[in-house]
Amino acid sequence: MKKELELTTINFWLITLNSTVTYILAYLLIFYTNHFIKIALAGNFGYDVGFNHSQVFYYIESHEWTHDAVKLIYSAGPIMILILGGLALIAFWHFVQEPARIKILLIWISLHAFNFLFGSLMIGNIFKEGVGHVFNWMYLTDTAKMIVALLGFVGLLGTAYTMSKPVALSANSYFNQLSERNFPFFITSQLLLPFIFGTLIYLAYFLPNILFQESYSWITMAFILIFITLRVSKMDTQYFDEEERFIGASTLIIIVTIVLFVSLRGLMWSETLINW
């Protein structure tokens with residue numbers, strides 16, 4: 001009877017709230033890692049820049065761009081983000097047996113990181129945006145670009161496959177097992193609704209200028225999450241320890257996310273100029 005009481009409306013929305021704020025926090029971490037790497041590397045080439053909460057502006061003439069500058073500025077961020085995603089996944093496996101909810105944040109960091117890279121390889125390469133600038137400056141043939149886009153698609157598939165087990169095991173933050181009975185409750189509150197709510201919130205954060213990455217990254221993320229949902233639904237029942245679980249709001253993460261969300265948006269609303 002106790003386990004049945006866990007699947008209540010309030011518990012459903014508490015899990016949704018916790019996962020939504022970690023989704024947003026993870027996205028901000030990934031976005032601003034790339035954002036500030038671009039700014040720092042522009043200084044490496046002596047390029048004056050301006051930036052706000054969503055964009056980096058390069059105050060140079062077109063002819064001042066060099067192949068090395070384009071390749072480094074536009075590829076270093078995605079590579080660093082890939083490393084960050086890998087480290088988050090390693091950290092998840094370190095905490096996998098613990099009911100600590102930090103695992104949910106680590107999962108979203110990994111998902112956002114891998115989606116950022118492989119989604120950019122696929123969509124950015126096709127539309128010559130983001131990391132697609134690098135391949136455009138490399139004068140790759142259309143065949144070579146399609147191969148890169150295909151590698152991005154394979155990377156998205158690999159991400160979905162790799163992250164399915166961690167998503168299933170993250171249920172031990174709230175439940176003693178993940179079975180057919182609580183799977184719809186868990187996957188909807190932990191994965192699907194946070195994706196929808198979190199995406200709408202971060203898109204609102206970037207208004208009025210929603211750039212390429214933010215406009216399309218949700219599509220590839222949706223693909224990953226649908227794949228994960230289907231794969232987890234076919235897994236055997238996952239049994240965890242018998243320790244009693246408590247479903248409550250992750251107050252610290254909620255506060256940190258709100259503070260960062262509001263302060264970054266407010267402090268970086270106006271453009272800041274850096275004359276390297």
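Student: Which residues does R265 touch, not counting those up to four places away in sequence?
Tutor: Contact here means heavy atoms within 4.5 Å. By that rule, and leaving out residues up to four places away in sequence, R265 touches H53, A204, Y205, L207 and L260.

Student: What is the source of the model, and where does R265 lie?
Tutor: This is a predicted model, in which local features need pLDDT of at least 70, side-chain atom pairs count only at pLDDT 80 or more, and totals for chains, interfaces and linings use all residues. Residues are numbered from 1 along each chain as its sequence is written, and side-chain values use heavy atoms, without hydrogens and water. Helices are DSSP runs (H or I) of at least four residues, numbered from the N terminus. R265 lies in residues 251-267, which form helix 9.

Student: How far from a polar atom of the R265 side chain is the backbone oxygen of Y205?
Tutor: Y205 is among the residues that R265 touches. The distance from its backbone oxygen to a polar atom of the R265 side chain is 2.5 Å.

Student: Which side chains meet in a salt bridge?
Tutor: Side chains of opposite charge can pair when their charged atoms come close. A search of the whole structure finds 1 salt bridge. With an N to O distance of 2.9 Å, the partners are R245 and D241.

Conventions:
Helix = DSSP H or I, 4+ residues; strand = E, 2+ residues; numbered from the N terminus. Polar contact = N/O pair within 3.5 Å; in protein donor to acceptor, adjacent residues only side chain to side chain. Salt bridge = Lys/Arg side-chain N within 4 Å of Asp/Glu carboxyl O.
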